[in-house]
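Hello,

Here is the structure I said I would pass on. My notes on what was found in it follow below.

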Amino acid sequence: GPHAGQVLSLASVIGVEFDLATLIRVADTSEDDVLDVIEAAERSALLHSAGDGDSFTFAHALIRNTIHDALLPARRRQIHAKVASALESGATGPLPPALLAYHFSASGQQSAALHYAELAGHGALDSIAPDEAVRWFREARSLLETLQPDADQRLCDLTTQLGIALRLAGDPAYRETLLQAVAMADAADDALRMAVAALANTRGYYSSAGETDQERVAVLRS
């Protein structure tokens, strides 16, 4: 029925996997009504419990995509904004920066998306997940270049963090990225940021043994 369709539409925007607390928070109906829909959807094999009884997944990505894609883009943005607000308030549990960055970005609130993308990058580094850190620092840097193209210091910092994440992920692109950060700091006459980026640019795994990297040596000497 239409009521079930509304609840499952909200769930589809939250994600392939969603938790009941967030769904109940954003639904314009009672907790009992939401639970009735979830129970009926589970009996119909549209949803499966994720294991703890408080989270569910769509039985197949096609089910979720069909419901999700039937929504108007403006409606999806509206729901993403409601989900982001619920998550940011902490009403549904600890703040998850990656989820907040995703939902704020999808809602069109790019400033908040930038803030949480940067936090998600640092969180991924702390969790020893450099590939995830690369993704989020790239996202943050792209958002910053769009929103605040003159924010040179912050852009330099994000570029340095991206370079560190690339190095830890074993991506040889880290070298050029950190050299770019050094150039940014040098142009701003910022000795501290220049030193941080230069010292982060270690040999890593992709340098050839016995060869001298003249560019990096020149940066360290400067």
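With which residue does D28 form a salt bridge, and how far apart are the closest N and O atoms? The partner of D28 is K82, and the closest N and O atoms are 3.3 Å apart. A salt bridge here is a side-chain nitrogen of Lys or Arg within 4 Å of a carboxyl oxygen of Asp or Glu.

Before the rest, two notes on the source. This is a predicted model, in which local features need pLDDT of at least 70, side-chain atom pairs count only at pLDDT 80 or more, and totals for chains, interfaces and linings use all residues. Residues are numbered from 1 along each chain as its sequence is written, and side-chain values use heavy atoms, with hydrogens and water left out.

Salt bridges

The rule gives a count of 6 salt bridges. D28 sits in the loop between α2 (20–26) and α3 (31–43), while K82 is in helix α5 (residues 73–88), so this pair ties together parts that are 54 residues apart in sequence. Helices (H or I, at least four residues) and strands (E, at least two) are DSSP runs, numbered from the N terminus. D28 is exposed, with a relative accessible area of 74%, and K82 is partly exposed at 29%. For these words, buried means under 20% relative accessible area, exposed over 50%, and partly exposed in between (1.4 Å probe, protein chains only).

A second salt bridge joins the side chains of D157 and R193, at 2.8 Å from N to O. D157 belongs to helix α9 and R193 to helix α11 (residues 191–200), so the pair ties together parts that are 36 residues apart in sequence. D157 has a relative accessible area of 30% and is partly exposed; R193 is partly exposed too, at 23%.

E176 and R175 form another salt bridge, with the closest N and O atoms 2.3 Å apart. E176 is partly exposed at 47% relative accessibility, whereas R175 counts as buried at 18%. Salt bridges that share partners also join D157, D190 and R193 into one network.

Helix α8

Helix α8 covers residues 130–147. Its 18 residues, at 1.5 Å a residue, should span 26 Å, and the end C-alpha atoms are 25 Å apart, which agrees. The expected span is 1.5 Å times one less than the number of residues. The buried residues of α8 are P130, A133, V134, W136, F137, A140, R141, L143 and L144. What covers them includes α6 (97–107), α7 (110–126), α9 (152–168) and α10 (174–187).

Helices α7 and α9

These two helices, α7 and α9, pack at an angle of about 35 degrees, with their axes 11 Å apart. Axes are lines fitted to C-alpha atoms, for helices over the stretch in contact, and angles run from 0 to 180 degrees between N-to-C directions. From α7 the contact uses L114, H115, E118, H122 and L125, and from α9 it uses R154, L158, Q161, A165 and L168. Contact means heavy atoms within 4.5 Å.

Two single residues

Q180 lies in helix α10 and is partly exposed, with a relative accessible area of 37%. Not counting residues up to four places away in sequence, Q180 touches R141 and T159. Q180 and G163 are 17 residues apart in sequence, and their C-alpha atoms are 9.2 Å apart in space.

S55 lies in strand β3 (residues 55–58). S55 is buried, at 11% relative accessible area. With residues up to four places away in sequence left out, S55 touches E17, F18, D19, H48, S49 and A50.

Regards
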